[in-house]
Amino acid sequence: MQITANTIRDFLDKQQKHITHYVVAQSYYRPYHQLPQAIEHMARNLQKDLRHARNCFNRELYGNGARRKPLQYQPLFIATLEGTKNTSNPQLTLHYNIYLGNLPKILTTGDIKELWTYCWHTKANQSNNIYITEPLANTQSHLLHYGTKETQIGNLGCWDFENTQIPYNALNID
């Protein structure tokens with residue numbers, strides 16, 4: 001099967017009903033006037049930092065259950081990396097657009113931001129410039145397409161498959 005921008009968007013559209021929060025997590029990596037090899041190195045390091053932050057976030061939310069029963073006790077976590085193609089603006093950083101779901105209902109958006117900031121900034125040593133929101137019904141589709149906008153310029157690698165986790169048991173419980 002050939003992966004295309006539409007394949008990625010179709011998959012995200014199918015997960016849309018499970019997404020409860022949208023996060024933009026900035027990094028310290030700046031691709032401004034960097035060579036492609038250097039940007040690739042930054043992206044690999046950032047992917048490792050995200051894996052560390054994601055594992056920390058899983059533990060903070062569900063304790064050891066996230067490791068023992070991942071299909072039940074992990075959050076829905078879909079991440080897309082943005083900024084690897086725009087090297088002309090010195091202000092831009094590599095950053096992740098993250099779609100979250102299957103979170104404990106007791107947590108507020110502020111609680112989730114505090115947990116994610118702890119895992120991303122404190123534990124993974126990345127920027128504390130983090131934006132989080134609950135998608136409204138009329139913005140959900142826009143946020144999904146925004147996170148994959150780099151696919152339109154040919155960057156099909158923007159979706160971080162390795163850091164995607166989908167707790168199928170928990171999501172298909174209804």
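Biologist: Which residues have the most contacts inside the largest nonpolar core?

Modeller: Phe57, Ile98, Trp116 and Trp120, in a core of 26 residues. A nonpolar core here is a set of buried Ala, Val, Leu, Ile, Met, Phe, Trp, Tyr and Cys residues joined through side-chain atoms within 4.5 Å; buried means under 20% relative accessible area with a 1.4 Å probe, protein chains only. It's a predicted model, so local features need pLDDT of at least 70 and side-chain atom pairs 80 or more, while totals for chains, interfaces and linings use all residues. Residues are numbered from 1 along each chain as its sequence is written, and side-chain values use heavy atoms, leaving out hydrogens and water.

Biologist: And which helix gives the most to this core?

Modeller: H2, with eight residues. Helices (H or I, at least four residues) and strands (E, at least two) are DSSP runs, numbered from the N terminus.

Biologist: Switching topic, what's the strand order in the open sheet?

Modeller: E2-E3-E1-E4, four strands with antiparallel pairing; strands pair if DSSP finds at least two bridges between them. E2 and E4 stand at the edges with a single partner strand each, so one side of each has no neighbour in the sheet.

Biologist: How many bridges between E2 and E3?

Modeller: Seven, in the antiparallel sense. Ile78 has Tyr99 in E3 as its bridge partner.

Biologist: Cysteines, then: is Cys56 buried or exposed?

Modeller: Cys56 is buried, at 3% relative accessible area, and Cys158 is buried too, at 1%. The whole structure has zero disulfides (cysteine sulfur atoms within 2.5 Å).

Key: Buried < 20%, exposed > 50% of the residue type's maximum accessible area, 1.4 Å probe, protein only.
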